[in-house]
Amino acid sequence: MSDDVTDRVRSRDLTVLSDNHYILRKADFDYRRGDGIWQQQIRESYDMGDGAAVLPYDKARDRLLLIRQFRWPVFETGYRKLFIEAVAGKLDGDEPEACARREAMEEAGITLGTVKRVFYAFMSPGAVKERLSLFVADYDSAAPRSKSGGNENEGEDIDVLEMSLDQALAMIASGEILDAKTIMLLQHLRLEK
């Protein structure tokens with residue numbers, strides 16, 4: 001069996017249900033299952049656009065940078081703290097590395113040195129049409145920083161956190177860091193170290 005499933009999918013209809021901040025679509029399609037039977041399925045997908053996330057790390061000083069901000073979806077689930085995560089944003093027409101650099105300046109006030117893509121990831125492939133490019137990058141934790149805090153026009157109110165890799169990993173274990181992309185990047189950095 002080929003890895004390409006194009007011949008196993010027949011689109012019936014694709015309807016836009018909402019085009020408010022992002023796009024919510026309803027897909028009606030037939031899918032040929034592994035046992036050869038065609039099955040009609042209806043799925044919704046939320047199109048947020050692709051993005052990039054970056055974990056800035058000063059290897060010489062063992063300092064990394066994360067951000068903390070309010071996130072409505074996690075608040076809605078009952079989580080009542082500001083959410084700690086890696087610097088990230090939507091591509092908005094930029095290449096992923098350019099996006100990572102732009103967001104690092106906008107959200108954390110830092111200039112990145114060498115940026116290395118470590119992998120792509122679909123964060124919630126059952127419902128969200130978003131592919132993230134995940135990066136680790138050099139930065140100088142002793143360098144002066146520009147004004148940060150995010151884009152006020154986008155409702156961002158961001159705090160910058162700086163810590164050691166061990167401190168960040170301990171925050172995963174304690175439940176203070178719950179963001180999947182951030183956990184993946186921190187674990188990658190630990191494996192690389």
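What is the handedness of the crossing of α3 and α4? In this predicted model, the crossing is left-handed.

## Helices α3 and α4

Helix α3 spans residues 165-173 and helix α4 spans residues 180-192. Their axes come within 10 Å and cross at roughly 135 degrees. An angle over 145 degrees would count as roughly antiparallel, and 65 to 115 degrees as roughly perpendicular; α3 and α4 are therefore oblique to each other.

On the α3 side, the contact involves Leu 165, Asp 166, Ala 168, Leu 169 and Ile 172. These residues meet Ile 183, Leu 186, Leu 189 and Arg 190 in α4. By class, the contact of α3 with α4 comprises seven nonpolar and two charged residues, with no polar residues.

## Burial of strand β4

Strand β4 covers residues 51-58. Eight of its eight residues are buried, so the strand is largely enclosed by the rest of the structure. Burial here means a relative accessible area under 20%.

Both faces of β4 are covered. Gly 51, Ala 53, Leu 55 and Tyr 57 lie on one side, while Ala 52, Val 54, Pro 56 and Asp 58 lie on the other, and all are buried.

## Strand partners of β4

Strand β4 pairs with strand β10 (residues 131-138) in the parallel sense, over seven bridges. Within this pairing, Pro 56 stands opposite Ala 137 in β10. With strand β7 (residues 87-90), β4 pairs in the antiparallel sense over four bridges, and Gly 51 stands opposite Lys 90 in β7.

Strand β5 (residues 63-69) also runs antiparallel to β4, joined to β4 by two bridges. Tyr 57 stands opposite Leu 64 in β5. The strands β4 and β5 form a hairpin with four residues between them. In that turn, Asp 62 has a positive phi of about 50 degrees.

## Glu 103 in helix α2

Glu 103 is placed in helix α2, which spans residues 96-108. Is this charged residue buried or exposed? Glu 103 has a relative accessibility of 5% and therefore counts as buried.

Leaving aside residues up to four places away in sequence, Glu 103 touches Val 87, Ala 88, Gly 89 and Ala 108. Strand β7 covers residues 87-90, and Val 87, Ala 88 and Gly 89 are among the contacts of Glu 103.

Definitions and conventions. Residues are numbered from 1 along each chain as its sequence is written. This is a predicted model: local features need pLDDT of at least 70, side-chain atom pairs count only at pLDDT 80 or more; totals for chains, interfaces and linings use all residues. Side-chain values use heavy atoms; hydrogens and water are left out. Axes are lines fitted to C-alpha atoms, for helices over the stretch in contact, and angles run from 0 to 180 degrees between N-to-C directions. Angles under 35 degrees count as roughly parallel, over 145 as roughly antiparallel, 65 to 115 as roughly perpendicular and the rest as oblique. A crossing is left-handed if the near helix is turned anticlockwise from the far one by less than a right angle, and right-handed if clockwise. Contact means heavy atoms within 4.5 Å. Ala, Val, Leu, Ile, Met, Phe, Trp, Tyr, Cys and Pro count as nonpolar, Asp, Glu, Lys and Arg as charged, and the others, Gly among them, as polar. Buried means under 20% relative accessible area, exposed over 50%, partly exposed in between (1.4 Å probe, protein chains only). Two strands pair if DSSP finds at least two bridges between them.
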